[in-house]
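Please consult the sequence and the model shown below while reading.

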Amino acid sequence: MRKRAFPSAARGNGLTATAPPRPGAWERLLGEEVRVLGRYRELAERGLDVLGQEGGDRLREMRAFYAFLEQELPRLLARFEEEP
């Protein structure tokens, strides 16, 4: 992957970011992230199984958040691919 320096607002320091090397790389990268989000959701579900219904408000919120991202991110990527 190519690295590019971007100017920083903090006293001229440069920030380095990794740029995908070919067309479609961003979509593939985010597609991988969807799988990671699914793993996080699954971990939250496993934690809720252990805690039961009595505890786990944060885990319920985490599960809902990652489930939302897991569902919506592929839709956003599809919309992006449809853009001219």
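This is a predicted model: local features need pLDDT of at least 70, side-chain atom pairs count only at pLDDT 80 or more; totals for chains, interfaces and linings use all residues.

**Overall arrangement**

The chain contains two helices and two strands. Along the sequence, these elements follow the pattern β-β-α-α. The chain has 84 residues, of which 20% are buried. Among contacts in the chain with a separation of 6 or more, 30% are between residues 24 or more positions apart.

**The two helices**

Two packed helices are described by the angle between their axes and by the distance between those axes. Here, the axes of helix 1 and helix 2 (residues 57-82) come within 8 Å and cross at roughly 160 degrees. An angle over 145 degrees counts as roughly antiparallel, and helix 1 and helix 2 are therefore roughly antiparallel to each other. The crossing of helix 1 with helix 2 is left-handed. Sorted by class, the residues in the contact of helix 1 with helix 2 comprise 16 nonpolar, three polar and seven charged.

**Arg-41 and Ala-67**

Arg-41 belongs to helix 1, which spans residues 25-51, while Ala-67 is located in helix 2. Is Arg-41 buried or exposed? The relative accessible area of Arg-41 is 16%; because buried means under 20%, Arg-41 is buried.

Beyond its neighbours within four places in sequence, Arg-41 is in contact with Arg-63, Tyr-66, Ala-67 and Glu-70. With Glu-70, the side chain of Arg-41 also forms a polar contact of 2.4 Å.

The table below lists two residue pairs with their separation in sequence and their C-alpha to C-alpha distance.

| Residue pair | Separation in sequence | C-alpha to C-alpha distance |
|---|---|---|
| Arg-41 and Phe-65 | 24 residues | 8.2 Å |
| Ala-67 and Tyr-40 | 27 residues | 8.9 Å |

How values were computed:
Residues are numbered from 1 along each chain as its sequence is written. Side-chain values use heavy atoms; hydrogens and water are left out. Helices (H or I, at least four residues) and strands (E, at least two) are DSSP runs, numbered from the N terminus. Buried means under 20% relative accessible area, exposed over 50%, partly exposed in between (1.4 Å probe, protein chains only). A polar contact is a pair of N or O atoms within 3.5 Å; within protein, one must be able to donate a hydrogen and the other to accept it, and residues adjacent in sequence count only if both atoms are side-chain atoms. Contact means heavy atoms within 4.5 Å. Axes are lines fitted to C-alpha atoms, for helices over the stretch in contact, and angles run from 0 to 180 degrees between N-to-C directions. Angles under 35 degrees count as roughly parallel, over 145 as roughly antiparallel, 65 to 115 as roughly perpendicular and the rest as oblique. A crossing is left-handed if the near helix is turned anticlockwise from the far one by less than a right angle, and right-handed if clockwise. Ala, Val, Leu, Ile, Met, Phe, Trp, Tyr, Cys and Pro count as nonpolar, Asp, Glu, Lys and Arg as charged, and the others, Gly among them, as polar.
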